[in-house]
Amino acid sequence: MKKSIYALLILVLCAISGYQISEYIPTQTDTQGKLAVSFIDVGQGDSTFIEFPGGKTALIDAGEADYSETVIAYLQSRQCKTIDYVICTHPHSDHIGGMAEVLTSFDIGEIYMPRAPHTTNTYERLLLAVQNKGLTIHTAKAGVTISVEPEVTMTMVAPNAESYEEMNDYSAVVRLTYGDNAFLFTGDAETVSEKEILDSGQSLGADVLKVGHHGSSTSTHKNFLKAVAPSYAVISCGDGNDYGHPHNVIVNRLENCGAQIYRTDLHGTVLAISDGNRIAFVTEEE
Ligand SMILES: [Zn+2]
């Protein structure tokens, strides 16, 4: 009886303060023992934080430099002190811009990056942060396998070639499996890389697809999507971005394949929680 009075009081307080209960994101304590994958809202960019059931963590990309504080604050809110695996998908600033600050703010285990030619200040700054931290860069490429825990594995399915015309195609593409569940994180890999992945015959099926290149029509070829066959698709992009991401053709393609779509521009940070069998989604905004 007492409990229900408290619950009612909280509801009334929420209503008065205008606080949306749907904005509630489960805390680190709530998701402990499960696989929690946070697609952090970093505007037009990508940043995915992964908390493994046994307590290790991984970060794939860190958005533009302007969003480094957002990423750091989010990780801190989830009691993160060590990032066991850092993966920089490719050197574009909307993926690695915030990474230098992130590296200096946490203890870092291993860092993975594709061997891609790039000379921007942002990239140089990241390399300097890696050096200052005393880290050695592991090359991200197809075939690299990280055994996180007995039931959890991250496998890189791309890049499959040494050089590409498009920087996006250097993207490390990571397939994460936990029990019966699988996630595919594609960075900005475009159709050239997608075709190589298909031709390589690697396992691709995934419950959750982090849609390539912010939902641009240069990625998510229909053959690739057919092979992944996701139940859920997450698009990380900025509200009213200059590129028109996500492109309508891709949103329609995802809908037609039966995937439920979550978008950081509409839903804010998106959290997927897996127990190795089922996946539940919670979003910052409705
Ligand atoms: Zn990008």
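Biologist: Which residue in β9 does Thr 153 stand opposite?

Modeller: Thr 153 stands opposite Thr 177. This is a predicted model, where local features need pLDDT of at least 70, side-chain atom pairs count only at pLDDT 80 or more, and totals for chains, interfaces and linings use all residues. Residues are numbered from 1 along each chain as its sequence is written, and side-chain values use heavy atoms, with hydrogens and water left out.

Biologist: What makes β8 and β9 a pair?

Modeller: Two strands pair if DSSP finds at least two bridges between them. Strands (E, at least two residues) are DSSP runs, numbered from the N terminus, as are helices (H or I, at least four). Strand β8 (residues 152-158) and β9 are joined by 6 bridges and run antiparallel. They therefore count as paired.

Biologist: What joins β9 to β10?

Modeller: 5 bridges, again antiparallel. Val 174 has Phe 185 in β10 as its bridge partner. The two strands form a hairpin with 2 residues between them. Gly 179 in that turn has a positive phi of about 55 degrees.

Biologist: Why is β9 called largely enclosed?

Modeller: Because 5 of its 6 residues are buried. Buried means under 20% relative accessible area, exposed over 50%, and partly exposed in between (1.4 Å probe, protein chains only).

Biologist: How do you know whether Asp 94 is buried or exposed?

Modeller: Its relative accessible area is 13%, so Asp 94 is buried. His 95 is at 0%, so His 95 is buried too.

Biologist: Which residues coordinate the zinc ion?

Modeller: Asp 94 (OD), His 95 (NE2), Asp 188 (OD) and His 214 (NE2), at 2.1 Å. Donors are N, O and S atoms within 2.8 Å of the metal (3.2 Å for Na, K and Ca); water is not among the atoms, so sites may look incomplete.

Biologist: Why is the zinc site called irregular?

Modeller: Its 4 donor atoms make angles of 86 to 151 degrees. Four donors count as tetrahedral if all angles lie between 85 and 135 degrees; four count as square planar and six as octahedral if opposite donors are over 155 degrees apart and all others between 65 and 115; anything else is irregular.
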